Structures are given as C-alpha cells and as structure tokens.
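Colleague: I've got this one open on my screen and would like a quick walk through it, please.

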Amino acid sequence: MNNNSDFTEFSKQSPKGILVIYISLLYKTLKVSWILLFLFLRKFSELSNQKLFYIFMAIGVFLLFLLVRAYLDYKNFQFKIENNHFVLKQGILKKTNTSIPFDRIQNINFKQNIIQQLINVYEVSVETAGSKDTEIAIKALPFDKAQALKEQMSVKAMTAESSIIEEEKNPFLIINFKELLKVSLTENHLQSLLIFIALLFGIYQQLSDAFDGLGRKEDFDSYLDIESNAMYGSIIVFLILFVLLFIVALVSSFVRILLFHFNLTVFIKNESFEINQGLLTKKSIILKKEKVQSITVSTNPIKKKLGISFVTFKQAVSGKVNEKKNKLIRLVGCQYHQVLQIKELLFDFQSVENSEKYNSNTYFKSRMYFRSFLGLLIFNSILMVVLQNANWLWFNLILFPLVILLIRLKFKKTFYSFDDEVLLIGKGRIETHIIYLPFFKVQNIKMKQTLFQQRKDVVDIILQTASGKIKIPCIEKERATQIYNYTVYKVEKSTELWM
Amino acid sequence: MESFKNIEILDLPDITSLTFKKIHRDYLKVLLGSVCLITLVVIVALFVVNYNFQEVLPDFISYVYLGLFLVFILIILFIWIGFSRRKFSIREKDISYKSGVLIKKTTTVPFSRVQHVELDEAPISRLFKLASISVFTAGDSSDDLVIKGIKKTEALKIKEFISEKINE
C-alpha cells in the first residue's frame, strides 16, 4: 500500500474538492434565489448605473464569501480509519465528530456529477442503516484513493468474505443506447407526464409567489386566464393538446430514463451486484445480496412483447421511508433469463412460482367500485357548482368506462401465493408488478379489518419490512390468519440476518 | 406448499387462540379526563369569545354548542367501546397488540426484529402511575407497536424482558 492510501492519519479530500464544494454551494443559492435573479434581469434596463454598480458589488462580495466558505469547508473536513471505525471531523463553527463502526455501514457508493466528471474526482458516500442522519459524503477523492478507502472499509467490514476477487468478469447486463430507447418508449408515460407537470407546477408556484410579493398577482393570473379562455371549448384544440401532451410525456420519459440509466452496466461479484449508471451524475452502487429486502419484477403489455422487464431492489432504509427514492435501485430492461438469474442468486423461487395463486376476495372489487364512483360523483358535483353549465358532461362517457376497466385490471392482477420461504404478491393496473418477499425479512405484521370487511369476513394484511410496507388487500380471514401465524413463526425461527 | 398448509400449520402458534390481556382500567380515566380537559378549554374559549363579541356573532352560535356537545358524546362513546378492545399479549418470542372500533387492528412484533424499546410517561398518566411501551422495528418506524396504559411497574418489567430478548 502506498502513501496515498494510508488512512490511519487524518487526511483531507483532494484540493479539487474546493471547486466541487464551491459549485454545489453556488447551485444551492441559485436554487433558492433564481426568482430574484429573474426579476432583476427584467428590471435590468430600468436601473441606474450607480444602483447597478452596487448590485454587482454585492454579488461579487457574496461570491467571494462563498469561495471562502468552500475553502473553510474543505479545510475542516478530515477523515481517517481507526480500529474498525470510520472517523470524520467536519464543520467550520460547529464542529462535529462522527464515528461509524464498519459493521453498521450498509453501502459505500461512488458518484460523479458533471463537475466531478470534468475534474476527474469521485464522490464517496457512506450509507448506514439504523441511525437517522448519518449519511456521509466525501465530495472529492481521486479514483485510486476512493477505491483504496472503499476496500479498506469493506474488507474489514466483511471478515467472513475471504478475499475480494478482482477479476474483470464479463458484465452481467449492459444496456446500450438503443435498448435504452426501447425501454423509454415503453415507459409509463402517464407517470412521466405527471412528474413533468409537477415540476412545471412547482415553477409556477414559485413564479406566482414572486409576483404575489410584488403585488402583481393579477397581471400574472390574467395572463394565464387569456390563455385558458382561448383553449376552452373546441374539441380540436383539445385533441391537439392531447397529442402535444403525449409528445411531452414521451420526451420526458426518454430524458428521465436517459439521465438516470445511461450506460447501465451490472456486474455480479462475490454474490453482490455492482451497478453503474447515469449520464450527468454517474453512480456506482454495490448491492450486497443480504441487504436486499425484497425485489419487484415489473412489466407492461408492450414490454412483455419485447421481452423486457424491470427489476427493482428494495434495501433497508434508515429513518423515514420518505426519501426512499435514493435507495430504490432499478435495473431497467432486463431480459427474461437475466431476471431468472437475479432471482436465482437471491433466493429459491422455483416452487413459489409454481404454487397456487390466490386472488383477493371480490369484496376488494366492490370496495374499489364504491370508492371510485363516490369520488367521481363528488368530482362531478364540484365541477357542476364551479362551472355552472353541463357542456362537459360528455367527458364522463370516457371517464366511467376507463375507471371500470382499470378496476377490473387491478382486481385481476392482485394475487398472492407462497411457499415455505417466499411470499409472492402481484399488483398493478396496466403494468404488472410481482413482489418477491422472503418471509424472514418481515419486521412486523399487521391485520386490519374495517366494519364492512367484518361482514364479509375478509381482512387486509400489512407486512412491514425494513424497506417499507407491503399490503395484501381483502383476503379471507382464515387464510390471512394462516399467513399471519406462519410469518411470525418463520421470523422467530430464522437465524439468518435480515440485513 | 402442501406441507405448509396441512402439517406445519397445526403446530404453529396461533394468534387467534392467544389469550389477550386488557390494559389497566385506570387508563380509561386518563383518556376521559384528557378529553374533558380539552373540551373544557374549547368551551371556555368559546364563552370568552361569545361574551366579548356578542353583537358580531351570527345567530347560529347555539348550533355550534350543540354540535360540539354531539362530537363530545361521540368521542366519549368511541373511547368507551375502544377501551375494552385495547388488549396486548406477550409470548416468549413476540409481543402482540389489538385495538380499534371501526377498524380492528392486530399487530405482532417478533422480538428478534426489535430495534429498541421505549417507556414513556405522559403527564396525566403519571398521576395514575401508568406508562406506555413503544416497540420500534427497522424501516418506517412511525406506526410500530405502542401499548398505552400499563402500570409503570409492569411496563418496566416488560421493557426489561424485551431488552433481554433483543440482546440474546
């Protein structure tokens, strides 16, 4: 081991880290103040030279302040390895000293955003399970140092694992650009559209808040009103809008898939997955077999034709499950045999797939019908009151059959089946999701019964895992009790570690 | 699959045949007391407002009182019925809790999955020497198992028991 990878003494990150910290600070301030900047640019011509000078001065001083701050951040960020603990000192005014024992480390991941790619440094993030906010990121390390740090921490963490075999095997899965295109075309476009709209809505909120602050809300709203009035009424405009939305959805799916999953490569090493992906932010994740709590295999009708499906790995999450987005690991575009291989590595699934499938009680369907129709009724009455006319009622002709279709599909796709080790749960409407959950990964189990369910003698089962809840809706109480008892028994008998 | 249903299921510990224990009856006083206290505060606030702004208040203020009274009765009723349904049971390897009026819930947490145990004493409960036990597991720990209204001495024993089981 050369001097470069000695971590027994406190060491700092690469000096390039100053740049990385500086730019991330800049980005953060821009994110909260872009609206001010936008307003400033609009008023640009109205300002006198003297005022402009002051404003530029202020901005200059602020930028300098950020630079100093970045330097101090860098200067005060030190880490070392000491008797199987990762020790970190950080903070300019408020000093914190964190120490993480190796066996609490869940993952050590590499990440590269666009700046880090340009100056060729890696961000090393250390994920822990259990404790709440000990998520540590070392912003800038050269590759060899990052690799050395990771090896020293993971070798010591896994004493059972004899040695890390560093042979470059053939990748288990490579998704090239063409396949990625295929994947993105078959995405759930509605979801992409919703995400896109949510993004737009966020920006709209920010803009309207800003206008509100200036007492010019009317201007902004009236501007929008003109737009929406012009749109109103004509079906042709409606159709054009529909096509437009469809294109937007398509493009946003494509961009989303491309950004996250560009150049997706998966290796299988030592019973763990190494996953590399990302365009602007490259991520490298090592996923150990025993950390996986459950997996979901998803597909939809078009994907099925093309023979591809998604595999989503769920890992243990610390604290709230809200920020689960980062911990979800999705492999897009797996071929059928690759899915088989993944399942084979994780657990014995053969018998569960051949065992009998049980559907939810028909009460589940009635409940969905009741709830949806009630919702539609309320929606219609509110529209009636707001719009004060009945021209839009034809819209229900499309909406009702759609809702009925979706409910029927959902009911058909909701099933469960089990063998001695694994519970299989199917769900989905247009897409089909199949969840594989080994019994011993369950943390606690809940049985719920409403008054209405009591009359039909059905219950909901909620299985809580370290990566979130899994629900089996409306099954007969007798069978639910069996599953309940069996799960509890399995968890209590198992000697395997759930993590 | 077949084996699971026919043979193994027979000697599995069964949750439905478990004898559940009711929580301490003093806790009903705590629940009713706190509801009364909150209602009292609301009524006093309403009275003060009513007295000072008599001319501005609309005529239907008496209906507000009536509505409040009905809600109060309803809550008391729910607490009364719900109270007798709050039951818990501790086996050698797990802890279970049942509750609910409109929605009946049963939860079981195996000790081998418990992250930590907490014992809390709320202000009014403390007057009756009652405590609550919270059991946390990994994952979204917002609604794991909480048993309110156990005698503090008993709660301490339970906590000790579970802690011992975790460290095994």
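Modeller: One term before we start: two strands count as paired if DSSP finds at least two bridges between them. And keep in mind that this is a predicted model.

Colleague: OK. How many bridges join E8 to E9 in chain A?

Modeller: Five, joining strand E8 (residues 265-269) and strand E9 (residues 272-277) of chain A. The two strands run antiparallel. If you want a pair to click on, Ile268(A) has Phe273(A) in E9(A) as its bridge partner.

Colleague: What's in the turn of that hairpin?

Modeller: Two residues lie between E8(A) and E9(A), and Asn270(A) takes a positive phi near 45° there.

Colleague: And which strand does E9(A) join with six bridges?

Modeller: That's strand E10 (residues 282-288) of chain A, again antiparallel. In that pair Gln277(A) stands opposite Lys283(A). E9(A) and E10(A) make a hairpin too, with four residues between them. Gly278(A) sits in that turn and has a positive phi of about 115°.

Colleague: Which residue is the bridge partner of Ile81(A)?

Modeller: Phe86(A), in E2(A). E1(A) and strand E2 (residues 85-90) pair over five bridges there, in the antiparallel sense.

Colleague: Helices next. At what angle do H1 and H2 of chain A pack?

Modeller: About 130°, with the axes 8 Å apart, for helix H1 (residues 17-42) and helix H2 (residues 49-75). That angle makes H1(A) oblique to H2(A). Their crossing is right-handed.

Colleague: Which residues meet there?

Modeller: From H1(A) you have Gly17(A), Ile18(A), Ile21(A), Tyr22(A), Leu25(A) and Leu26(A). They meet residues of H2(A) including Leu66(A), Leu67(A), Ala70(A) and Tyr74(A). By class, the contact has ten nonpolar, one polar and two charged residues.

Colleague: What about H12 and H13 of chain A, at what angle do they cross?

Modeller: Roughly 155°, and the axes of helix H12 (residues 362-387) and helix H13 (residues 395-413) come within 10 Å.

Colleague: Why are those two called roughly antiparallel?

Modeller: The cut-off is an angle over 145 degrees, so H12(A) and H13(A) are roughly antiparallel to each other. H12(A) passes H13(A) in a right-handed crossing. Among the contact residues are Phe364(A), Met368(A) and Leu376(A) on H12(A), with Leu399(A), Val403(A) and Ile407(A) on H13(A). That contact divides into eight nonpolar, three polar and two charged residues.

Colleague: In what order do the strands of the seven-stranded sheet come?

Modeller: E20(A)-E19(A)-E18(A)-E4(B)-E3(B)-E2(B)-E1(B), an open sheet with antiparallel pairing. Its edges are strand E20 (468-476) of chain A and strand E1 (21-22) of chain B. E18(A) is joined to strand E4 (residues 103-110) of chain B by six bridges. One to look at is Gln449(A), whose bridge partner in E4(B) is Lys104(B). At the other end, two bridges join E1(B) to strand E2 (residues 87-90) of chain B, and Lys21(B) has Phe88(B) as its bridge partner.

Colleague: Last one: where are the domains of chain B?

Modeller: The domain assignment gives domain 1 as 26-82 and domain 2 as 87-167. Their centres are 31 Å apart, taken over C-alpha atoms. Nine residues of domain 1 of chain B are in contact with eight residues of domain 2 of chain B.

Colleague: Which helix gives the largest share of the domain 1 side?

Modeller: H2(B), with six residues. The residues on that side of domain 1 divide into four nonpolar, three polar and two charged.

How values were computed
Residues are numbered from 1 along each chain as its sequence is written. Chains are lettered from A and ligands numbered from 1 in the order in which they are written. This is a predicted model: local features need pLDDT of at least 70, side-chain atom pairs count only at pLDDT 80 or more; totals for chains, interfaces and linings use all residues. Domain bounds come from an automatic or database domain assignment. Two residues are in contact if their C-beta atoms, placed from the backbone, lie within 7 Å. Ala, Val, Leu, Ile, Met, Phe, Trp, Tyr, Cys and Pro count as nonpolar, Asp, Glu, Lys and Arg as charged, and the others, Gly among them, as polar. Axes are lines fitted to C-alpha atoms, for helices over the stretch in contact, and angles run from 0 to 180 degrees between N-to-C directions. Angles under 35 degrees count as roughly parallel, over 145 as roughly antiparallel, 65 to 115 as roughly perpendicular and the rest as oblique. A crossing is left-handed if the near helix is turned anticlockwise from the far one by less than a right angle, and right-handed if clockwise.
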